[in-house]
Number of protein chains: 2
Amino acid sequence: MKIENLIAQIHKKKSFLCVGLDTDLDRIPRHLLKEEDPLFAFNRAIIDATQAHCVAYKPNVAFYEAYGARGWESLERTMEYLNAHYPEQFTIADAKRGDIGNTATRYAQAFFKAMDFDSITVAPYMGRDSVEPFLAFEDRHTILLALTSNPGAFDFQTMKVGDRELYREVLATSQGYRGAERLMYVVGATKAAYLREVRELAPKSFLLVPGVGAQGGSLEEVCQYGMNENVGLLVNSSRAIIYASDKTDFAEVAAQKAGEIQKAMEKELVRLDRA
Amino acid sequence: MKIENLIAQIHKKKSFLCVGLDTDLDRIPRHLLKEEDPLFAFNRAIIDATQAHCVAYKPNVAFYEAYGARGWESLERTMEYLNAHYPEQFTIADAKRGDIGNTATRYAQAFFKAMDFDSITVAPYMGRDSVEPFLAFEDRHTILLALTSNPGAFDFQTMKVGDRELYREVLATSQGYRGAERLMYVVGATKAAYLREVRELAPKSFLLVPGVGAQGGSLEEVCQYGMNENVGLLVNSSRAIIYASDKTDFAEVAAQKAGEIQKAMEKELVRLDRA
């Protein structure tokens with residue numbers, strides 16, 4: 001997907017919500033377990049119910065891999081469904097891959113070609129030649145981990161290398177990679193004030209922000225520090241939406257939760273328009 | 001697998017060779033393409049032919065993912081075959097995963113439980129809570145990326161954080177993680193002299209060393225700097241073995257290549273015994 005199309009969708013839907021599909025057989029409503037493919041049945045219902053309120057879906061690949069080849073089929077089926085019925089939705093493979101050149105190319109093929117994702121999350125530790133094979137794909141986007149929202153983020157990401165923290169070094173260095181215009185970054189909302197520093201180094205890039213809601217970040221703060229003139233934000237919510245109810249009304253309740261977040265986002269977008 | 005069993009196998013076979021299964025439909029012998037599962041047919045033949053010369057197999061997960069659910073089935077089938085016929089072989093999922101707690105647990109289940117791998121490679125960027133869920137599994141091993149063998153390793157891994165390089169910080173910090181006795185590390189052979197510094201920080205840990213042979217490192221240097229009293233090394237070779245011939249004699253030639261490396265390793269082990 002071209003980035004202009006994503007931006008247009010955000011303005012059209014007045015939403016920059018990404019719904020995370022962390023689909024777990026232990027947490028989906030019991031009545032779905034009799035379906036032939038319960039993971040897909042759940043995803044389809046969630047997607048149909050929430051798509052009016054969001055602009056992106058982010059399957060967390062680990063949850064599918066945990067079920068082996070069958071789980072992988074559920075993921076493929078979910079992507080086929082999304083691309084066939086809602087091609088305007090931006091899709092993110094939350095895979096956090098990272099490996100050397102020829103291996104990175106394989107991962108890129110798996111997610112961009114075989115499954116037709118618009119984007120994938122990638123880890124930066126192995127450097128340039130582990131990231132550029134993803135950036136080589138036209139109209140696909142590589143979402144590099146910068147500052148994550150977990151406690152372990154403080155183990156290495158915020159360590160000083162020279163005069164700045166490692167995550168800022170990752171931002172600055174990666175902006176020089178070939179195809180950097182197709183880079184986005186993961187920046188955790190639990191550290192909203194850091195977003196200001198991120199914006200200094202990557203003023204134009206889209207940021208994927210996890211950790212609003214269940215993990216505790218504030219949407220208002222994220223927007224205050226992280227928005228740019230193209231909005232430049234995708235804010236993810238997974239469990240707070242998809243597991244809001246574990247009864248037969250799960251899709252309806254998920255839609256309601258997604259709608260509430262969309263309303264809050266609409267207010268922030270109005271504020272941006274006025275600024 | 002218990003680490004003592006791996007050490008015993010190394011002494012028994014006089015080898016610390018790991019054969020990398022980077023199995024690629026574009027590179028395997030043409031006559032295998034008519035098999036129902038060419039990836040598995042190739043792997044089975046390579047395993048049967050080389051197992052006497054090595055102590056470990058390392059499927060590179062990207063190569064299977066690139067073929068979607070079908071590729072994943074080939075990987076599952078390869079693991080079933082290995083565990084059924086050669087349970088003495090140490091198995092490594094070269095997956096380089098890394099994600100927050102509950103997601104990391106899913107990856108651990110996928111590789112340690114569903115597929116019964118002995119170990120998995122993991123990226124350190126997200127810190128403690130992205131690594132400890134893997135370390136929680138008894139008799140399974142987590143192989144953390146420290147210093148990789150690709151050019152991009154110099155982007156971040158060798159940057160100074162405080163008074164030491166990031167990869168040394170990763171080594172030192174991770175040694176304090178819960179379950180650190182089940183940690184191993186990836187250390188590239190293209191930088192053999194670094195192995196001495198690695199040994200200062202992780203004297204007891206096993207090191208997985210890629211980059212001997214095709215990527216240019218010297219086995220003698222790796223042993224000189226990297227061996228400890230338990231050998232403490234697994235040296236990987238992938239393409240130089242498995243793609244040594246693309247004819248019908250591919251398995252035979254692979255066995256021959258693996259045998260040559262084993263002989264060289266035997267010399268190094270004799271040197272260790274004398275020291």
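Mentor: Copies of a chain are superposed by least squares on the C-alpha atoms of residues with pLDDT of at least 70 in both, and please keep in mind that this is a predicted model.

Trainee: OK, so what rotation superposes chain B on chain A?

Mentor: A rotation of 180° does, with 0.0 Å of shift along its axis and an RMSD of 0.0 Å. The two copies are thus related as by a two-fold rotation axis.

Trainee: And how many residues of each chain are in contact with the other chain?

Mentor: There are 47 residues of chain B in contact with 47 residues of chain A. On the side of chain B that touches chain A, the elements that each supply at least two residues include helix 3 (61-65), helix 4 (68-85), strand 3 (90-97) and helix 5 (101-114) of chain B. Helix 5 of chain B gives the most to that side, with seven residues. By class, the residues of the side of chain B that touches chain A are 22 nonpolar, 13 polar and twelve charged.

Trainee: Why do you say the copies meet through the same surface?

Mentor: Because 100% of the interface residues of chain B are also interface residues in chain A.

Trainee: Switching to a pair inside one chain, how do helix 9 and helix 10 of chain A cross?

Mentor: The axes of helix 9 (residues 194-201) and helix 10 (residues 219-226) of chain A come within 8 Å and cross at roughly 25°, which makes helix 9 of chain A roughly parallel to helix 10 of chain A. Helix 9 of chain A passes helix 10 of chain A in a right-handed crossing, and in their contact A:Leu195, A:Arg196 and A:Arg199 of helix 9 meet A:Val222, A:Tyr225 and A:Gly226 of helix 10.

Trainee: What about helix 6 of chain A, and how many of its residues are buried?

Mentor: Seven of its eight residues (128-135) are buried, so helix 6 of chain A is largely enclosed by the rest of the structure. Among the buried residues in helix 6 of chain A are A:Arg128, A:Glu132 and A:Phe134.

Trainee: What covers them?

Mentor: The cover of the buried residues of helix 6 of chain A includes helix 5, strand 4, strand 5, helix 8 and strand 8 of chain A, together with helix 7 of chain B.

Trainee: Last topic, backbone angles: what is the phi of B:Asp116 and of B:Val231?

Mentor: Most residues other than glycine have a negative phi. B:Asp116, however, has a positive phi of about 60°, and B:Val231 has a positive phi of about 75°.

Trainee: Where are they, and is each one buried or partly exposed?

Mentor: B:Asp116 lies in the loop between helix 5 and strand 4 of chain B, and with 15 C-beta neighbours inside 10 Å it counts as partly exposed. B:Val231 is in the loop between helix 10 and strand 10 of chain B, and with 22 C-beta neighbours inside 10 Å B:Val231 counts as buried.

Technical notes: Residues are numbered from 1 along each chain as its sequence is written. Chains are lettered from A and ligands numbered from 1 in the order in which they are written. This is a predicted model: local features need pLDDT of at least 70, side-chain atom pairs count only at pLDDT 80 or more; totals for chains, interfaces and linings use all residues. Two residues are in contact if their C-beta atoms, placed from the backbone, lie within 7 Å. Helices (H or I, at least four residues) and strands (E, at least two) are DSSP runs, numbered from the N terminus. Ala, Val, Leu, Ile, Met, Phe, Trp, Tyr, Cys and Pro count as nonpolar, Asp, Glu, Lys and Arg as charged, and the others, Gly among them, as polar. Axes are lines fitted to C-alpha atoms, for helices over the stretch in contact, and angles run from 0 to 180 degrees between N-to-C directions. Angles under 35 degrees count as roughly parallel, over 145 as roughly antiparallel, 65 to 115 as roughly perpendicular and the rest as oblique. A crossing is left-handed if the near helix is turned anticlockwise from the far one by less than a right angle, and right-handed if clockwise. A residue is buried if 20 or more other C-beta atoms lie within 10 Å of its own, exposed if 12 or fewer, and partly exposed in between; C-beta atoms are placed from the backbone.
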